[in-house]
Amino acid sequence: MEFFVEKRREVMGHIEKFMLEKMYDFLKPVDNIWQPSDFLPDSSRDSFFQEIKELQESAAGLSYDLIAVLVGDTITEEALPTYESWLTMVDGVSKNEDGGWMKWTRHWTAEENRHGDLLNKYLYLSGRVNMRMMEVSTQYLIADGFDIGTGTDPYRNFIYTSFQELATNVSHRRVASQAKKDGDTLLSKMCGVIAGDEARHAKAYKYFIEKIFEVDPSEAMIAFEDMMRKKIVMPAHFLREVGLKIGQTFGHFTDAAQRLGIYTAIDYVDILKELIEDWHIESVPDLNEAGEKARDYIMNLPTRLLRVADRMKNPMLEYKFSWINS
Ligand SMILES: [Fe+2]
Ligand SMILES: [Fe+2]
């Protein structure tokens, strides 16, 4: 066990050098990147109330399921303190403020923080949401934390974040196109720029894992296999509403996303395929026996998962969220 952690610390120290060099390829300068206020009505303008009226008129056309997904996405984004504190606990993320890992963690958090901020303000102005109920769910989710099966292992953690950033890219992108169809161009633009951030972040995490594959291929492969066996659970899987137990709302949220085609079982397989391709899983050299076995499992997984996805029925609409006014 100790060797396991020691080796990972060594690998993380090795990659940290590249981190410092490469970090700004994946992040945008703070002064130029978009901010929530670029999209929202400006309360210092005379036209403020008129702009809110227009925002509400557009939001009135959004379907019930889309609002449900949007609230779930917002709460997921707003649980950012959980993700930041979790990243700082990862083995090999040295507590040195000038080190690459701490710098990355802070800069990543700073970019992500704009997502929940923008979505929350939009929902507040939209008139569609019971904000108090949503806020209770957010507070619960942050307080409840999460358990995604990675422990403090950096390999498992960054495989998880690679997957998850791709998943959020897909879901924000789909919300953007659905919002456009429903006639809300503002929301569509907002979710489009958020999706763009997620795509950059996915690139960064995929790069970290690529580097890990270069120096510790068998262990990286085994970590990938292990995460896929456990299944990549979404960060909001503990989601709940007032009066409910941990996780009781989560299934209803994912049902709405599946029904609308925002994030489906097929998307899960597509993301897995993308990772297999980007990390060149098929041709990773120098694997030991366990590494080879792990590779076999991963390579066969997409076909197996697609068979299951084909048999899945679309969930029916039957749940009323406490978050939604009408
Ligand atoms: Fe985000
Ligand atoms: Fe993200």
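User: How do the residues of the lining of the largest pocket divide into nonpolar, polar and charged?
Analyst: This is a predicted model. In it, the lining of the largest pocket comprises 18 nonpolar, four polar and four charged residues.

User: How much space lies in that largest pocket, and which residues are the closest to its centre?
Analyst: The largest pocket holds about 610 Å³ of space. It is lined by 26 residues, and Lys231, Ile232, Ala265, Tyr268 and Met312 are the closest to its centre.

User: Which element gives the most to the lining of the largest pocket?
Analyst: H12 does, with six residues. The elements that give two or more residues to this lining are H7, helix H9 (217-230), helix H10 (250-260), helix H11 (265-278) and helix H12 (289-311).

User: On to the metal. Which residues coordinate the iron ion (ligand 2)?
Analyst: Glu112, Glu165 and Glu198 coordinate the iron ion (ligand 2) through OE atoms, at 2.0 to 2.1 Å. The spacing of these donor residues in sequence is E-x52-E-x32-E. Glu165 belongs to helix H7 (residues 154-181) and Glu198 to helix H8 (residues 185-215), so this pair ties together parts that are 33 residues apart in sequence.

User: Which residue bridges the iron ion (ligand 2) and the iron ion (ligand 1)?
Analyst: Glu112 bridges them, and the two ions lie 3.4 Å apart.

User: Are Glu165 and Glu198 buried or exposed?
Analyst: Glu165 counts as buried because its relative accessibility is 4%. Glu198 is also buried, at 1% relative accessibility.

User: How many cavities of 30 Å³ or more does a search of the whole structure find?
Analyst: The search finds two.

User: What lies nearest the centre of the largest cavity?
Analyst: Of its 15 lining residues, Tyr83, Trp108, Gln164, Glu165 and Pro235 lie nearest the centre.

User: Lastly, where is Asp91, and what does its side chain join?
Analyst: Asp91 sits in the loop between helix H4 (80-88) and helix H5 (100-126). Its side chain makes a polar contact of 3.4 Å with that of Arg9. Asp91 is buried, with a relative accessible area of 12%.

Conventions. Residues numbered from 1 in each chain as written. Chains lettered and ligands numbered in written order. Predicted model: local features only at pLDDT ≥ 70, side-chain atom pairs only at ≥ 80, totals over all residues. Heavy atoms only, no water. Donors = N, O, S within 2.8 Å, 3.2 Å for Na, K, Ca; no water. Helix = DSSP H or I, 4+ residues; strand = E, 2+ residues; numbered from the N terminus. Buried < 20%, exposed > 50% of the residue type's maximum accessible area, 1.4 Å probe, protein only. 1 Å grid on protein atoms, 1.4 Å probe; cavity = no way out; pocket = protein on both sides within 12 Å on 5 of 7 lines; lining within 4 Å. Points joined across faces, edges and corners; volume = space filled by probe spheres on them. Nonpolar A, V, L, I, M, F, W, Y, C, P; charged D, E, K, R; others polar. Polar contact = N/O pair within 3.5 Å; in protein donor to acceptor, adjacent residues only side chain to side chain.
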